[in-house]
Amino acid sequence: MTERLAMDVVEEPEAVVIRLAGDVDMTNVGQLRATVSQVAAGTLLVVDVNEVGYLDSAGIAVLFERAKRGRLEVVAAPGCPIRRVLEVVAIGQLATLSDSRPDD
Amino acid sequence: MSQDRGPLEPANDALGPHYAYAGPAPAPARPGEGAGATLGGPAAGAEGGQGTSRPSAGSGSVAEVMAGWDWASTPVGPAQGWPATLRTMVQVVLASRFPMWMGWGPELTFFYNDAYRRDTLGVKHPWALGRPAREVWAEIWPDLEPRVAAVMESGSATWDQALLLYLQRSGYREETYHTFSYSPVPGPDGAPEGLLCVVTEETGRVIGERRMTTLRQLASELSGTRTEAEVFAAVRSRLSQNRRDLPFTLVYAYDAEGRASLVSSTGLQLPHPAAPEQIGPGATEAAWPAGVMRSEPRLLVVDDLRRRFGQLPAGACDEPPSAAAVVPLAGRGEGPSGFLVAGLNPYRAFDSQYEGFLELLAGQVAAGLASARAYDAERRRAESLAELDRAKTEFFSNVSHEFRTPLTLILGPVEDSLNDNVDPLPSAQVARLEVVRRNARRLRRLVNDMLDFARIEGGRLQAETVPTDLDALTRDVVASFAPAIEQADLGLEVECAALPRPVVVDPDMWEKIVLNLLSNALKFTLEGTIRVSLTDGGDHVCLSVSDTGVGVPANQLPLLFQRFHRAPLSAARSHEGTGIGLALVHELARLHGGTAGVQSTEGEGSNFWVRLPYGERGTGTAVPQRDSARQAYLDEALQWGPATEVAPEDFASARTAEATVLVVDDNPDMRAHLARLMSPYWRVVLAKDGEHALALARVQRPDLVLTDVMMPGLDGFGLLEALRADRETATVPVIFLSARAGEEAAVEGLEAGADDYLVKPFSAVELLARVRSNLELARLRNRDAAWRAALVESLSEGVAVMGPSGTVTEVNAAFSQVLGYGSDGLPYEMPYPWFPDPVCEPEDHARMLAVMGTALRHGRCGGVVPARHRDGRRIHLEVSVVSVDDEDERRFVMAVRDVTADLLATEREAALARFGMRLAEAGDVRQVQEVGLDELGRLFGADAHLEWHAAVPGAGPSAAVGAGESQRTGAEAMDAARETGRVVLIPGAEAVFGPDEQWYTGMAAPLEPAAHDGAVWLSFATLRRVSLEDRALFGLLSGYLGQAMRRAQLFDDSKAVATALQRSILGPQETPAAVAVHYAPAVRPLEVGGDWYDVVELPDGRLGLVVGDCVGRGLQAATVMGQLRSACRALLLQMSSPAQVLSALDTFAERVPGAACTTVFCGVLDPRDDSLRFCSAGHLPAALVSFDGAAKLLNHNQSLPLGVLPGTQRSEAAEQVAPGALLVVYTDGLVERRGETIDVGIGRLVDAVREARALTPRALTLYLTRLLVPDDAQKDDVALVVYRQPGEVAAARFAVTVEAVPRELAGLRRQLCAWLHQHGVDGQSATELLVACGEACSNAVEHAYPAGAPGQLVVEGEIEPGRVRLRVSDTGRWRVPAQRGEDRGRGLQIMRGLTSRAEVVGTGDGTTVDLVKELLVD
């Protein structure tokens, strides 16, 4: 069955912040994709993945798509489970991979 | 065709009767008919002349006209019938260029030629052709007829020269003169048939001559005239001579108001209405246009005389003039002086010649009039001058008489007093009275001279002459004057040779002559000789007095003998004198019938001479010499004494007052008098003229100058000016003493700058009072100024005073010290010389300008500005400017202080402080180097590089020096600096900016001058100057840097030593593969603490594990620890029983201070039987966790820590350690936390071990320490040993098969996750495995069974100690995705990145993904 993906979208003056929680796989990546594609290219999209337990190439693809099209910042603390995954795919080359947000 | 020849009709107009041809023009004859055939020439149309003047030039020639003329109607008949003589004659006449006419036949038919027509016939051509002669010249036929008759009858020719004939040929009755001859033309029979007239007109010549005569005679007569009356008489007489051209004339003269008065008339009988006596200036109905003449002077013709005045006298003609010309007489200055009215000859046209004549006439009259007037003015002036002269003489004469009485009354008593032997006077009074007597005598002499002169003027003085032995007398007189010449240091030569006979002279007068000349010679000769000679000149004697004096300028020579004339001579002994001396000499000479004169060359000398005739008879009687003037002259001359004065010390010694008064007067008596007056009060210095005074003033600096005004050479005014012009004497008060009385003179003196003005004679009291008050005033003024100046000078700050435009006018000593510019260079204009150079230092220059500009504008400014000392140094000034209003001027006071040293010192201090601070913050050598170079670079605006050959390896790598030229230079400079131990400058190759200034690209300094081991090189960003201070600072800072680096080096070294030392007491870093250790001391930066671990390889493959915890932490505990550890190791190697080891350690611990209460765990693992024998001395229980997750705390045999009860036997326990099981030994630093019991912490540890029991020992230690001891929370030392029992152990297994559809993925993941956790795979590793596996599963789901029929997905797993394997397999097809360009390619990247090994094997039957992950933690 499909995992429901918890997405919390907050529009800030400077950016749009999506807080993800749960697992992102091929079954529910479409939700993510849809939400992400709505953010304008010029707007900074901040995706907080600290609560994400599973992220594979499906979800990574969405991030890369976004990173190629517009501004993207992925927030993953050093202790975050999928931090290593993000490092392995070198998302930091196209987007900003940060440990935390300034006001966290 | 016949010509209609109408009669000529006379016309009348203003010019008189004249003729106009009134008929039609004669028509041309038919060809062949006219006279053309006879006369030749083309038939030409004759044009009738019609006009009132001469024939028009356009008409054809006479020959042409004649050719076309109708001769048939004339008495001569047609041309064909003419007799040969006539024809010949006609041809002769026509051909001649001389005017001719010919009459032929009884009628004397008129023929003529072109010349005649042109000159004489005028308007009558062509009417006259063929007419009878008497008709042609009807107007003069009465004159002509007799002549004609004479010729025709007698056959003899006539001759008339310049015969006056009134011709009607120009349209009016014209006065003409002709010279002509009538001669007969014989006919065939010899009798005169015709008359030939050859004629020349003489009109022009005659009239011209007439007029010229008038002018000439008038001119000559006028030249002899003086007065106006004479002028007019001449005018009258001359003008009346020419009645033809000037029938009448009138001359009017203007007076000052513009009224014209008649001054001369000719040709009219007065009174006559045409000649009113006076014409007022405004008269409009005047007879003549006087007003117009005056305002717009030009020649006017008034042509209605008859209307105005009726009939006028006719003059020489029959007709009265009908017109007159009015010509202005040019005067001197503006406007004409009058005008001339000239009636015009009615028989002449008023042509340009006539006009010219009248103008010349008027000019002469005007000139004559003008000169008459000038003469008149001159005469009147001479008269008034003479009048003035007479009045002067009379005045003097009167006044002089008045003088004599008082003089007598002065001299008399004075003489008496001086000669009084009975009651003689005290010497002071005698001196005074002598002065009185001398001056009284002088006065008397002057008076006498003037009276003499007056008498001569009035003719009342007679010479009483007697025959005199003139040479003796002369010698006598000269001798009596000699003393004065001697006193003046002049030579005297006398050449009075004996004369042949006596001279008849008035001896007194002769005396006077000689004395006067001698006196003059002495007065005007400052050095040289005076020569007197008396010579015989035949009928006269000649006295000559010559000198080598100043001479007389050439332009003064003629004036010398004039009365009252005083030549303005530049140098003389005295400026006194009335100026009548020479005039007197001249007059006296003249009275004797002689003459006086002078020769002189300016600068060389003069020679005055007097010539007297010997004379015949005396008029006087020989009288004894009267009271002679000799004494008076001598006395006066003696007064002009020598240059050396009566010694001033006579007057100087008496006084004690401080002030010095300089007295200037050319009169010695006056000097002495003034000196005597003032010396009781002040020091008196005397000068005899302006030059002398000026020199004295400069040297002696008098407090007051009292000066006469009239002096030879530099007079009072000149002296004043000179004194004021010199700064040194500009403020000295000057009092004028002058004989010129009156307000004007005083004002003039005061305006010239004198402080006071006294008039001679003055009262002594007044003089003293004025001198005193002026001195006082001056003293007050000076005191203030002196005080102010002293104050300013005393300031230690440089002070300058500036005018409104900023020009520096005053500076004090301190100022010139600061800037090098002193008061000798004043004034200093903006921009001041100490401004920075605008070219080389534009910013500095601008700054200085800005500061000064603000100061001048706002009256106040201050700041620190750069400037240039005179010697070229760059200095910094603290400048403060304030404005001061001085009366109506705004001035500024500027204070300057040299703050260069302060500024530089401050800068250097700051630089040093900052540098030191930054260096202090730096840690090791590398940091020190970085900081040091950065700071140096910043300070000097350069790139800093460093080279250091340090002995310690790994310390301070030298930064790479830039490539190329700069590199070599930099390296060279650093080498040089290092070797010499000095700062080395690298000069720039570009142009030098200023003299003595070098600009540099960089500089290098040694790091430690003594060590010669390193250098710093600065490469400047731009070419710049390097001052001494810069260099010093750089050297200093480089030294600091070197020291800091050395210190850091030492620190690093000692730290390395300490580290090494510490490491040496620690347990081994390298452990067998089954063992992993972690050690972290509590106290940083120590590497050791109170805890320890040890791993000891024992014989028989046994392994000893020790973990201990000494009391305390830090170095103290570490020293104890080290000993205990070593002891324990030694003991372990010795004894195989842990209990024995610890017991022995007890004993040892007793002897080591601080070792008591140390807890220890000591265990020995034996691989032969998988046993663990251990003993604990109060230590926390070790944890034993088997691979399947069972955990146990090894609590047995707790006993007391070391040294507490030494000698107590310890026991040991044993435990089985299965393969794959983990033994974890630790210290309390790992588990103890505030606020909880130790058991909680231990429990936490055990849980953590269980959770991650699949990890390798190494990974586990990292996992445990990360989890349990975050860096910032470590309070205690931590030691941890993890051991896994080697050997085969059953792996945990997993196998799940699901449908290869997306919905199965989550569940699969959950299952896998649970299995991993259950079997001791830590969270992070588990996540990574899940993602990798999940990736493989997703792949299979997505791609394995595309055809729609889903297949199966199998996931299998295996966990071994330290490793997890997973296999994902399907039985479908799986395209291996491309690595690049596709997102899916990431799948493999992810799998490979998260595991140790990922292999995808695809066959036709399916795909298998094998994942292996070593459980390491990094």
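The paragraphs below go through a predicted model, starting with the interface of chain A and chain B and then turning to helix pairs and backbone details in chain B. Local features need pLDDT of at least 70 and side-chain atom pairs count only at pLDDT 80 or more, while totals for chains, interfaces and linings use all residues. Residues are numbered from 1 along each chain as its sequence is written, chains are lettered from A in the order in which they are written, and side-chain values use heavy atoms, with hydrogens and water left out.

At the interface, 23 residues of chain A are in contact with 25 residues of chain B (contact means heavy atoms within 4.5 Å). The size of an interface is often given as the accessible area lost when the parts come together. Here the buried area is about 1,900 Å², and carbon and sulfur atoms give 56% of it; the value is the accessible area (1.4 Å probe) that the two parts lose on being put together, summed over both.

The rule finds two salt bridges across this interface, a salt bridge being a side-chain nitrogen of Lys or Arg within 4 Å of a carboxyl oxygen of Asp or Glu. Asp23(A) and Arg1309(B) form a salt bridge through their side chains, at 3.5 Å from N to O.

On the side of chain A that touches chain B, β3 (44-55), α2 (57-69) and α3 (83-89) each supply at least two residues. Helices (H or I, at least four residues) and strands (E, at least two) are DSSP runs, numbered from the N terminus. The element that gives the most is α2(A), with six residues. By class, this side of chain A has 13 nonpolar, three polar and seven charged residues (Ala, Val, Leu, Ile, Met, Phe, Trp, Tyr, Cys and Pro count as nonpolar, Asp, Glu, Lys and Arg as charged, and the others, Gly among them, as polar).

Within chain B, the axes of helix α29 (residues 1114-1134) and helix α30 (residues 1138-1151) come within 10 Å and cross at roughly 145 degrees. Axes are lines fitted to C-alpha atoms, for helices over the stretch in contact, and angles run from 0 to 180 degrees between N-to-C directions. Residues of α29(B) including Leu1124(B) and Cys1128(B) meet residues of α30(B), among them Leu1145(B) and Phe1148(B). The contact has 10 nonpolar, one polar and no charged residues.

The axes of α13(B) (residues 470-487) and α14(B) (residues 507-523) also come within 10 Å, and cross at roughly 35 degrees. This contact comprises 13 nonpolar, two polar and one charged residues.

Two cis peptide bonds can be followed in the backbone of chain B. One joins Leu826(B) and Pro827(B), with omega about -10 degrees; another joins Met830(B) and Pro831(B), also with omega about -10 degrees. Pro827(B) lies in the loop between α23 (813-819) and α24 (842-858) of chain B, and Pro831(B) is in the loop between α23 and α24 as well.
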